[in-house]
Amino acid sequence: MTPNPLLTALRQYRHNHGEGFVFGYDKEETDRIVAKLVEALEEMIDVAQRVDGWESFPNDPIERAEEALALYRKQGGDL
């Protein structure tokens, strides 16, 4: 199983009333991780599109990856 890249962004905080803890993700670290993953995905798309016959890949993962990137950007993802 691949380790979760977001683990480095995970933070633990004590409740304001002093009992128990809550967990959250550091926004800057999460943004950095997502940007690296998006960059890797863009590189994969670029390389895959240079492969002869990429249009016939099963379930067209290139199209799905491009749609995922477009959705990420539409939701305000800044790269």
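Me: Is Lys27 buried or exposed?
Reply: This is a predicted model in which local features need pLDDT of at least 70 and side-chain atom pairs count only at pLDDT 80 or more, while totals for chains, interfaces and linings use all residues. Residues are numbered from 1 along each chain as its sequence is written, and side-chain values use heavy atoms, without hydrogens and water. Buried means under 20% relative accessible area, exposed over 50%, and partly exposed in between (1.4 Å probe, protein chains only). With a relative accessible area of 57%, Lys27 is exposed.

Me: With which residue does Asp31 form a salt bridge?
Reply: Side chains of opposite charge can pair when their charged atoms come close. A salt bridge here is a side-chain nitrogen of Lys or Arg within 4 Å of a carboxyl oxygen of Asp or Glu. For Asp31, the closest N and O atoms of the pair are 2.7 Å apart, and the partner is Lys27.

Me: In which element do Asp31 and Lys27 both lie?
Reply: Helices (H or I, at least four residues) and strands (E, at least two) are DSSP runs, numbered from the N terminus. Asp31 and Lys27 are four residues apart, about one turn of the helix, and both lie in helix α1.

Me: How many salt bridges does a search of the whole structure find?
Reply: Besides the pair of Asp31 and Lys27, the side chains of Glu29 and Arg32 meet in a salt bridge at 2.7 Å, N to O. Glu29 counts as buried because its relative accessibility is 18%, whereas Arg32, at 40%, counts as partly exposed. The search of the whole structure gives a total of two.

Me: With which residues is Thr30 in contact, leaving aside its neighbours within four places in sequence?
Reply: Thr30 is found in helix α1, residues 27–49, and is buried at a relative accessible area of 18%. Contact means heavy atoms within 4.5 Å. Beyond the sequence neighbours, the contacts of Thr30 are Leu6, Ala9 and Tyr25.

Me: Which strand gives the largest share of the nonpolar patch?
Reply: Patch residues have over 30% relative accessible area and no salt bridge; like charges are joined within 9 Å, and nonpolar side chains (Val, Leu, Ile, Met, Phe, Trp, Tyr) within 5 Å. Leu7, Leu10, Phe21, Phe23 and Tyr25 form the nonpolar patch, with about 530 Å² of accessible area together (Shrake-Rupley method, 1.4 Å probe; for residues, only the protein chains shown count as cover). Three residues of the patch, the largest share, come from strand β2.
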